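Reader: Could you show me the model, so that we can go through it together before I set anything up?

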Amino acid sequence: MKQYTNDEINVRWDPEKCIHSAECLKCLPGVFDVDKSPWINMEGATSEVIMKAIDRCPSGALSYKKNEKLQAPRDLGQAPPAQIRVMKDGPLLVRGRCALIGENGETIAEEGPFALCRCGRSKNKPLCDGSHKS
Ligand code: SF4
Ligand code: FES
């Protein structure tokens, strides 16, 4: 898990959940650029714009947490119900109020978004790791 921060938000990137859809790179190239180090430039846009781009990450690999000043009280009851979308030639994208429990009973994710492998080739099952592309 990698973390990036500015004064207002902490951005987290979990490489194990990334399905390499490049949505973030296309959406905000001034912030997300794999040719740069660090690959996330927290000065490249406002926190608001960065959060909107992260909301488009289909796998949940990117997430953010507002700092205490901006934080609104979290109410899981208000989270949207689970929704599962089939991605063409790709994973099942799960969003909303849905926990993912592993075969040994461990919690892999408390809620969406996350992407479930549908092709059987992921080395990080049950999560998709982008292997379906090959
Ligand atoms: S899954 Fe998320 S972090 Fe990975 S490339 Fe796509 S948008 Fe970026
Ligand atoms: S669906 Fe992406 S690795 Fe299987």
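This is a predicted model: local features need pLDDT of at least 70, side-chain atom pairs count only at pLDDT 80 or more; totals for chains, interfaces and linings use all residues.

Reader: Where does ligand 1 sit?

Author: Ligand 1 is placed in the second largest pocket.

Reader: And which residues come nearest to ligand 1?

Author: There are 13 residues around ligand 1, and of these Cys18, Ser21, Cys24, Cys57 and Ser59 come nearest.

Reader: How many of the shell residues are nonpolar, polar and charged?

Author: Sorted by class, the shell around ligand 1 is made up of nine nonpolar residues, three polar residues and one charged residue.

Reader: Switching to the fold, what is the strand order in the sheet that holds S1?

Author: That sheet is open and has three strands in the order S1-S2-S3, paired in the antiparallel sense. Strand S1 (2-5) and strand S3 (62-66) are at its edges with a single partner strand each, so one side of each has no neighbour in the sheet. On average, and with direction ignored, neighbouring strands there are turned by 25 degrees against each other.

Reader: How many bridges link S1 and S2?

Author: S1 is joined to strand S2, residues 9-13, by four bridges in an antiparallel pairing, and Thr5 stands opposite Asn10 of S2.

Reader: Which helix packs on that sheet?

Author: Helix H2, which covers residues 47-55, packs on the sheet and touches both S2 and S3, with its direction at about 140 degrees to that of S3.

Reader: What about the sheet with S4, which strands are at its edges?

Author: This is an open sheet of three strands in the order S4-S5-S8, with antiparallel pairing. Strand S4 (83-86) and S8 are the edge strands, and because each has a single partner strand, one side of each is left without a neighbour in the sheet. Strand S5, residues 92-95, pairs with S8 over three antiparallel bridges, and Leu92 has Leu116 in S8 as its bridge partner.

Definitions and conventions: Residues are numbered from 1 along each chain as its sequence is written. Chains are lettered from A and ligands numbered from 1 in the order in which they are written. Side-chain values use heavy atoms; hydrogens and water are left out. Two strands pair if DSSP finds at least two bridges between them. Helices (H or I, at least four residues) and strands (E, at least two) are DSSP runs, numbered from the N terminus. Axes are lines fitted to C-alpha atoms, for helices over the stretch in contact, and angles run from 0 to 180 degrees between N-to-C directions. Contact means heavy atoms within 4.5 Å. A residue is near a molecule or strand if one of its heavy atoms lies within 4 Å of it. On a 1 Å grid over the protein atoms alone, a cavity is a set of points where a 1.4 Å probe fits but cannot get out, and a pocket is an open set with protein on both sides within 12 Å along at least five of seven lines; lining residues have an atom within 4 Å of a point. A molecule sits in a cavity or pocket if more than half of its atoms lie within 2 Å of its grid points. Ala, Val, Leu, Ile, Met, Phe, Trp, Tyr, Cys and Pro count as nonpolar, Asp, Glu, Lys and Arg as charged, and the others, Gly among them, as polar.
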